Amino acid sequence: MSFSADDHRYMARALQLAERGLYTTDPNPRVGCVLVRDNAIVGEGWHERAGEAHAEVHALQAAGDAARGSTAYVTLEPCCHQGRTPPCSDALIQAGVSRVVVAMRDPHAQVDGGGISQLQAAGITVDSGLMEAQAVQLNPGFIRRMQRGRPWVRLKLAMSLDGRTAMASGESQWITGAAARQDVQHWRARSSAILTGVGSVLADDPSMTVRLDQTERQPLRVIIDTNLSTPAGAKILHQPGQTVIMTCSEDQAAREELQNAGARVLAVPPNARNNVDLGAVLDQLGEMEINELHVETGATLAGALMHAGLVDELIVYMAPTLLGDAARGLFHLPGIETMDDRLSLQIKDIRAVGEDWRITAGLKKS
(Lines give C-alpha, C1' and ligand atoms only; values in the text may rest on other atoms or scores of the structure.)
Protein backbone atom coordinates (compact mmCIF):
# COMPACT_ATOMS: atom_id res chain seq x y z
CA MET A 1 0.00 0.00 0.00
CA SER A 2 1.30 3.44 -0.98
CA PHE A 3 0.49 6.27 1.41
CA SER A 4 0.49 9.96 0.48
CA ALA A 5 2.34 12.79 2.18
CA ASP A 6 -0.99 13.90 3.65
CA ASP A 7 -1.57 10.41 5.05
CA HIS A 8 1.77 10.61 6.83
CA ARG A 9 1.05 14.10 8.13
CA TYR A 10 -2.30 13.18 9.63
CA MET A 11 -1.03 9.92 11.13
CA ALA A 12 1.87 11.83 12.68
CA ARG A 13 -0.71 14.08 14.32
CA ALA A 14 -2.63 11.04 15.58
CA LEU A 15 0.59 9.70 17.12
CA GLN A 16 1.19 13.05 18.83
CA LEU A 17 -2.28 12.87 20.31
CA ALA A 18 -1.76 9.28 21.47
CA GLU A 19 1.36 10.33 23.36
CA ARG A 20 -0.74 12.64 25.52
CA GLY A 21 -2.02 9.53 27.26
CA LEU A 22 1.51 8.30 28.07
CA TYR A 23 1.05 8.55 31.83
CA THR A 24 -2.70 7.99 32.19
CA THR A 25 -4.17 5.23 29.99
CA ASP A 26 -2.80 2.24 31.90
CA PRO A 27 -3.61 -0.64 31.55
CA ASN A 28 -5.07 0.35 28.18
CA PRO A 29 -2.93 1.28 25.17
CA ARG A 30 -2.16 4.86 24.16
CA VAL A 31 -4.22 5.68 21.07
CA GLY A 32 -4.84 8.80 18.99
CA CYS A 33 -7.34 9.51 16.21
CA VAL A 34 -7.69 12.27 13.60
CA LEU A 35 -10.69 12.73 11.29
CA VAL A 36 -10.04 14.47 7.97
CA ARG A 37 -12.57 15.65 5.40
CA ASP A 38 -11.79 17.72 2.29
CA ASN A 39 -8.15 17.84 3.39
CA ALA A 40 -8.97 19.52 6.70
CA ILE A 41 -9.02 18.11 10.23
CA VAL A 42 -12.63 18.06 11.44
CA GLY A 43 -12.12 16.15 14.68
CA GLU A 44 -9.40 14.63 16.81
CA GLY A 45 -9.04 12.87 20.11
CA TRP A 46 -6.99 10.50 22.22
CA HIS A 47 -7.66 7.88 24.84
CA GLU A 48 -7.12 9.49 28.22
CA ARG A 49 -8.01 6.93 30.89
CA ALA A 50 -9.19 3.33 31.17
CA GLY A 51 -12.96 3.19 31.41
CA GLU A 52 -13.40 6.46 29.54
CA ALA A 53 -14.11 7.04 25.85
CA HIS A 54 -11.58 5.80 23.31
CA ALA A 55 -9.74 8.07 20.87
CA GLU A 56 -12.18 7.43 18.00
CA VAL A 57 -15.19 8.41 20.10
CA HIS A 58 -13.58 11.68 21.19
CA ALA A 59 -12.73 12.50 17.56
CA LEU A 60 -16.24 11.64 16.33
CA GLN A 61 -17.81 13.79 19.02
CA ALA A 62 -15.58 16.70 18.04
CA ALA A 63 -16.41 16.28 14.33
CA GLY A 64 -20.17 15.85 14.67
CA ASP A 65 -21.88 15.65 11.26
CA ALA A 66 -18.59 16.45 9.53
CA ALA A 67 -17.44 12.89 10.28
CA ARG A 68 -19.62 11.54 7.46
CA GLY A 69 -17.45 10.84 4.44
CA SER A 70 -14.23 11.53 6.35
CA THR A 71 -11.02 9.55 6.67
CA ALA A 72 -10.09 8.39 10.17
CA TYR A 73 -6.41 8.07 11.04
CA VAL A 74 -6.04 5.78 14.07
CA THR A 75 -2.78 4.67 15.70
CA LEU A 76 -4.25 1.29 16.76
CA GLU A 77 -6.87 -0.87 15.07
CA PRO A 78 -10.36 0.14 16.31
CA CYS A 79 -11.72 -2.29 18.90
CA CYS A 80 -14.63 -4.50 17.88
CA HIS A 81 -15.64 -5.96 21.23
CA GLN A 82 -17.58 -4.72 24.22
CA GLY A 83 -15.13 -3.95 27.01
CA ARG A 84 -15.30 -1.11 29.50
CA THR A 85 -16.68 0.92 26.57
CA PRO A 86 -18.64 0.03 23.36
CA PRO A 87 -16.83 -1.05 20.16
CA CYS A 88 -15.16 1.79 18.26
CA SER A 89 -15.66 -0.03 14.96
CA ASP A 90 -19.44 0.32 15.43
CA ALA A 91 -19.07 4.03 16.18
CA LEU A 92 -17.04 4.65 13.02
CA ILE A 93 -19.55 2.74 10.89
CA GLN A 94 -22.54 4.57 12.35
CA ALA A 95 -20.82 7.94 11.83
CA GLY A 96 -20.45 7.24 8.10
CA VAL A 97 -16.66 7.35 7.90
CA SER A 98 -15.57 6.35 4.39
CA ARG A 99 -11.93 5.36 4.98
CA VAL A 100 -9.86 4.28 7.97
CA VAL A 101 -6.06 4.35 8.04
CA VAL A 102 -4.59 2.21 10.81
CA ALA A 103 -0.98 2.37 12.02
CA MET A 104 -0.96 -1.13 13.52
CA ARG A 105 -3.26 -4.06 14.24
CA ASP A 106 -4.42 -4.54 17.80
CA PRO A 107 -2.66 -7.59 19.34
CA HIS A 108 -5.56 -8.10 21.77
CA ALA A 109 -7.01 -11.56 21.10
CA GLN A 110 -10.55 -10.16 20.99
CA VAL A 111 -9.60 -7.67 18.25
CA ASP A 112 -6.51 -8.65 16.17
CA GLY A 113 -7.90 -8.02 12.71
CA GLY A 114 -11.53 -8.24 13.74
CA GLY A 115 -11.98 -4.48 13.83
CA ILE A 116 -10.52 -4.11 10.35
CA SER A 117 -12.71 -6.93 9.02
CA GLN A 118 -15.85 -5.39 10.50
CA LEU A 119 -15.09 -2.01 8.93
CA GLN A 120 -14.41 -3.59 5.54
CA ALA A 121 -17.63 -5.62 5.74
CA ALA A 122 -19.48 -2.34 6.20
CA GLY A 123 -17.97 -1.00 2.95
CA ILE A 124 -15.30 1.17 4.55
CA THR A 125 -11.87 1.26 2.90
CA VAL A 126 -9.17 0.25 5.40
CA ASP A 127 -5.45 0.77 4.86
CA SER A 128 -3.04 -0.41 7.54
CA GLY A 129 0.66 -0.28 8.37
CA LEU A 130 1.27 3.48 8.10
CA MET A 131 3.98 4.53 10.60
CA GLU A 132 3.63 1.19 12.35
CA ALA A 133 7.07 1.35 13.98
CA GLN A 134 6.19 4.63 15.72
CA ALA A 135 2.89 3.18 16.92
CA VAL A 136 4.67 0.14 18.33
CA GLN A 137 7.07 2.39 20.27
CA LEU A 138 4.11 3.99 22.04
CA ASN A 139 2.83 0.72 23.48
CA PRO A 140 5.65 -1.80 24.03
CA GLY A 141 4.13 -3.04 27.28
CA PHE A 142 0.59 -3.49 26.03
CA ILE A 143 1.87 -5.35 22.96
CA ARG A 144 4.15 -7.59 25.01
CA ARG A 145 1.38 -8.43 27.49
CA MET A 146 -1.11 -9.24 24.73
CA GLN A 147 1.38 -11.42 22.85
CA ARG A 148 3.26 -13.16 25.68
CA GLY A 149 1.31 -12.50 28.86
CA ARG A 150 4.21 -10.59 30.44
CA PRO A 151 5.10 -6.91 30.82
CA TRP A 152 7.84 -5.06 28.97
CA VAL A 153 10.79 -4.93 31.38
CA ARG A 154 12.78 -1.70 31.46
CA LEU A 155 15.85 -1.70 33.72
CA LYS A 156 17.13 1.70 34.84
CA LEU A 157 20.70 2.05 36.07
CA ALA A 158 23.05 4.90 36.96
CA MET A 159 26.82 4.57 36.76
CA SER A 160 30.09 6.42 36.61
CA LEU A 161 32.22 6.49 33.50
CA ASP A 162 34.12 3.48 34.83
CA GLY A 163 30.91 1.47 35.27
CA ARG A 164 30.46 1.85 39.04
CA THR A 165 27.17 2.39 40.85
CA ALA A 166 28.27 3.14 44.42
CA MET A 167 31.28 3.40 46.64
CA ALA A 168 32.42 0.28 48.50
CA SER A 169 30.62 1.63 51.59
CA GLY A 170 27.34 1.73 49.64
CA GLU A 171 27.32 5.53 49.31
CA SER A 172 25.67 6.37 45.99
CA GLN A 173 23.84 9.71 46.30
CA TRP A 174 24.22 11.19 43.87
CA ILE A 175 26.15 9.69 40.95
CA THR A 176 24.09 11.57 38.37
CA GLY A 177 22.90 15.16 38.29
CA ALA A 178 19.50 16.72 38.90
CA ALA A 179 18.47 16.62 35.23
CA ALA A 180 19.02 12.87 34.99
CA ARG A 181 17.17 12.24 38.25
CA GLN A 182 14.26 14.28 36.96
CA ASP A 183 14.31 12.35 33.68
CA VAL A 184 13.93 9.11 35.62
CA GLN A 185 10.65 10.40 37.06
CA HIS A 186 9.12 10.39 33.57
CA TRP A 187 10.13 6.76 33.03
CA ARG A 188 8.54 5.89 36.35
CA ALA A 189 5.38 7.84 35.52
CA ARG A 190 4.74 5.97 32.25
CA SER A 191 5.17 2.58 33.92
CA SER A 192 2.48 0.31 35.29
CA ALA A 193 4.72 -0.84 38.13
CA ILE A 194 8.10 -0.08 39.69
CA LEU A 195 10.08 -3.11 40.86
CA THR A 196 13.00 -3.35 43.26
CA GLY A 197 14.66 -5.98 45.43
CA VAL A 198 14.66 -6.28 49.19
CA GLY A 199 18.40 -5.58 49.20
CA SER A 200 17.75 -2.09 47.86
CA VAL A 201 14.97 -1.59 50.39
CA LEU A 202 17.28 -2.54 53.26
CA ALA A 203 20.23 -0.50 51.97
CA ASP A 204 18.52 2.69 50.78
CA ASP A 205 14.95 2.70 52.20
CA PRO A 206 13.57 4.17 48.94
CA SER A 207 10.03 5.45 48.38
CA MET A 208 9.84 4.35 44.71
CA THR A 209 7.19 6.92 43.83
CA VAL A 210 6.66 9.33 40.94
CA ARG A 211 7.62 12.84 41.98
CA LEU A 212 6.26 15.03 39.20
CA ASP A 213 3.86 17.96 39.43
CA GLN A 214 0.24 16.99 38.71
CA THR A 215 0.94 13.26 39.02
CA GLU A 216 -2.42 11.53 38.59
CA ARG A 217 -1.33 7.96 39.24
CA GLN A 218 1.28 6.20 41.33
CA PRO A 219 2.45 2.96 39.70
CA LEU A 220 2.20 -0.24 41.66
CA ARG A 221 5.36 -0.83 43.73
CA VAL A 222 6.76 -4.37 43.71
CA ILE A 223 9.42 -5.81 46.01
CA ILE A 224 11.17 -9.12 45.29
CA ASP A 225 11.72 -10.51 48.79
CA THR A 226 12.57 -14.20 49.01
CA ASN A 227 12.64 -14.42 52.83
CA LEU A 228 10.20 -11.61 53.75
CA SER A 229 12.96 -9.40 55.15
CA THR A 230 11.24 -6.09 54.31
CA PRO A 231 10.85 -4.03 57.52
CA ALA A 232 7.25 -3.10 58.37
CA GLY A 233 8.41 0.50 58.74
CA ALA A 234 10.05 0.75 55.30
CA LYS A 235 9.13 3.94 53.43
CA ILE A 236 8.03 2.02 50.36
CA LEU A 237 5.12 0.53 52.31
CA HIS A 238 3.77 3.88 53.42
CA GLN A 239 3.38 5.83 50.18
CA PRO A 240 0.27 6.66 48.12
CA GLY A 241 -0.85 3.70 46.04
CA GLN A 242 -0.13 0.03 46.68
CA THR A 243 2.97 -2.03 47.40
CA VAL A 244 3.13 -5.74 46.55
CA ILE A 245 5.75 -8.06 48.03
CA MET A 246 6.47 -11.19 45.99
CA THR A 247 7.97 -14.01 48.02
CA CYS A 248 8.42 -17.76 48.27
CA SER A 249 8.65 -17.62 52.07
CA GLU A 250 6.07 -19.47 54.15
CA ASP A 251 6.74 -17.36 57.27
CA GLN A 252 3.16 -16.59 58.27
CA ALA A 253 4.10 -14.20 61.08
CA ALA A 254 6.24 -12.06 58.76
CA ARG A 255 3.49 -12.13 56.14
CA GLU A 256 0.88 -10.89 58.61
CA GLU A 257 3.17 -8.14 59.92
CA LEU A 258 3.75 -6.82 56.40
CA GLN A 259 0.07 -7.08 55.51
CA ASN A 260 -0.78 -5.11 58.65
CA ALA A 261 1.69 -2.48 57.44
CA GLY A 262 -0.36 -2.13 54.25
CA ALA A 263 1.50 -4.44 51.86
CA ARG A 264 -0.09 -7.08 49.67
CA VAL A 265 1.99 -10.26 49.96
CA LEU A 266 1.86 -12.68 47.03
CA ALA A 267 3.31 -16.18 46.90
CA VAL A 268 5.57 -16.97 43.94
CA PRO A 269 7.19 -20.36 43.23
CA PRO A 270 10.89 -20.70 44.07
CA ASN A 271 13.53 -21.41 41.46
CA ALA A 272 16.17 -24.14 41.70
CA ARG A 273 18.18 -22.02 44.16
CA ASN A 274 15.12 -21.42 46.37
CA ASN A 275 14.93 -17.76 45.40
CA VAL A 276 11.85 -16.12 43.92
CA ASP A 277 11.39 -17.33 40.36
CA LEU A 278 11.64 -14.17 38.27
CA GLY A 279 9.83 -15.63 35.26
CA ALA A 280 6.90 -16.50 37.53
CA VAL A 281 6.96 -12.91 38.82
CA LEU A 282 6.54 -11.60 35.28
CA ASP A 283 3.74 -14.08 34.58
CA GLN A 284 1.89 -12.95 37.68
CA LEU A 285 2.39 -9.27 36.87
CA GLY A 286 1.03 -9.92 33.38
CA GLU A 287 -2.10 -11.39 34.93
CA MET A 288 -2.36 -8.19 37.00
CA GLU A 289 -2.46 -6.15 33.74
CA ILE A 290 1.01 -4.67 34.19
CA ASN A 291 2.19 -3.36 30.82
CA GLU A 292 5.52 -1.62 31.45
CA LEU A 293 7.65 -2.74 34.39
CA HIS A 294 10.25 -0.19 35.49
CA VAL A 295 13.08 -1.79 37.48
CA GLU A 296 15.39 0.09 39.84
CA THR A 297 17.50 -2.29 41.89
CA GLY A 298 20.97 -3.39 42.89
CA ALA A 299 23.59 -5.41 41.06
CA THR A 300 22.36 -8.84 42.22
CA LEU A 301 18.76 -8.64 41.03
CA ALA A 302 19.76 -6.62 37.95
CA GLY A 303 22.27 -9.32 37.05
CA ALA A 304 19.75 -12.10 37.64
CA LEU A 305 17.23 -10.44 35.32
CA MET A 306 19.88 -9.93 32.65
CA HIS A 307 21.24 -13.46 32.97
CA ALA A 308 17.73 -14.89 32.59
CA GLY A 309 17.14 -12.82 29.44
CA LEU A 310 14.16 -11.05 31.03
CA VAL A 311 15.23 -7.45 30.35
CA ASP A 312 13.78 -5.86 27.23
CA GLU A 313 15.29 -2.41 27.56
CA LEU A 314 18.16 -0.83 29.49
CA ILE A 315 18.14 2.85 30.45
CA VAL A 316 21.64 3.65 31.69
CA TYR A 317 22.61 7.11 32.94
CA MET A 318 26.36 7.61 32.74
CA ALA A 319 27.94 10.37 34.79
CA PRO A 320 31.28 12.00 33.85
CA THR A 321 32.94 10.78 37.05
CA LEU A 322 35.30 7.99 38.10
CA LEU A 323 34.66 6.03 41.31
CA GLY A 324 37.66 3.69 41.23
CA ASP A 325 38.38 -0.02 41.52
CA ALA A 326 36.89 -0.55 44.97
CA ALA A 327 33.49 0.86 44.02
CA ARG A 328 30.54 -1.44 43.28
CA GLY A 329 29.83 -2.69 39.78
CA LEU A 330 26.72 -2.38 37.65
CA PHE A 331 25.74 -6.07 37.55
CA HIS A 332 26.47 -9.24 39.46
CA LEU A 333 26.94 -11.70 36.60
CA PRO A 334 28.81 -14.80 37.75
CA GLY A 335 29.77 -17.37 35.16
CA ILE A 336 30.98 -14.99 32.45
CA GLU A 337 34.58 -16.13 31.97
CA THR A 338 35.20 -15.98 28.23
CA MET A 339 34.29 -13.65 25.40
CA ASP A 340 31.82 -16.27 24.19
CA ASP A 341 29.96 -15.95 27.51
CA ARG A 342 29.46 -12.19 27.26
CA LEU A 343 26.04 -10.61 26.95
CA SER A 344 25.81 -8.42 23.86
CA LEU A 345 23.71 -5.27 23.74
CA GLN A 346 22.25 -3.24 20.91
CA ILE A 347 22.52 0.51 21.47
CA LYS A 348 19.31 2.23 20.37
CA ASP A 349 19.87 5.80 21.53
CA ILE A 350 22.47 7.97 23.25
CA ARG A 351 21.72 11.52 24.33
CA ALA A 352 22.85 14.15 26.83
CA VAL A 353 20.67 14.74 29.89
CA GLY A 354 22.16 17.68 31.73
CA GLU A 355 25.81 16.84 32.37
CA ASP A 356 25.16 13.10 32.08
CA TRP A 357 24.53 10.75 29.17
CA ARG A 358 21.49 8.50 28.80
CA ILE A 359 22.08 5.25 26.92
CA THR A 360 19.11 3.19 25.75
CA ALA A 361 19.93 -0.39 24.80
CA GLY A 362 18.39 -3.79 24.34
CA LEU A 363 19.77 -7.26 24.93
CA LYS A 364 20.69 -8.90 21.63
CA LYS A 365 18.75 -12.10 21.14
CA SER A 366 20.90 -15.05 20.13
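**Contacts, domains and spaces**

Student: Which residues does E56 touch, not counting residues up to four places away in sequence?

Tutor: Contact means heavy atoms within 4.5 Å. By that rule E56 touches C33, V74, L76, P78, C88 and L92. The model is predicted, so local features need pLDDT of at least 70 and side-chain atom pairs pLDDT 80 or more, whereas totals for chains, interfaces and linings use all residues. Residues are numbered from 1 along each chain as its sequence is written, and side-chain values use heavy atoms, without hydrogens and water.

Student: Is E56 buried or exposed?

Tutor: Buried means under 20% relative accessible area, exposed over 50%, and partly exposed in between, with a 1.4 Å probe and protein chains only. E56 has 3% relative accessibility and therefore counts as buried. This residue is in helix α2 (residues 55–63); helices are DSSP runs (H or I, at least four residues), and strands are E runs of at least two, numbered from the N terminus.

Student: What are the domains of the protein?

Tutor: Bounds come from an automatic or database domain assignment; here they give domain 1 (5–142) and domain 2 (149–363).

Student: How much area do domain 1 and domain 2 bury between them?

Tutor: The size of an interface is often given as the accessible area lost when the parts come together. That loss (1.4 Å probe) is summed over both parts. Domain 1 and domain 2 bury about 1,100 Å², 42% of it on carbon and sulfur atoms.

Student: Where does the second largest pocket lie?

Tutor: On a 1 Å grid over the protein atoms alone, a pocket is an open set of points with protein on both sides within 12 Å along at least five of seven lines; a cavity is a set where a 1.4 Å probe fits but cannot get out; lining residues have an atom within 4 Å of a point. Both domain 1 and domain 2 give residues to the lining of the second largest pocket, so it lies between them. About 790 Å³ of space lies in this pocket, a volume being the space filled by probe spheres set on points joined across faces, edges and corners. Of its 28 lining residues, the closest to its centre are Q137, L138, W187, R190 and E313.

Student: How many cavities of 30 Å³ or more are found?

Tutor: The search finds 2. The largest cavity has a volume of about 60 Å³, and its lining includes R190 and N139.

Note on methods:
Buried area is the accessible area (1.4 Å probe) that two parts lose on being put together, summed over both.
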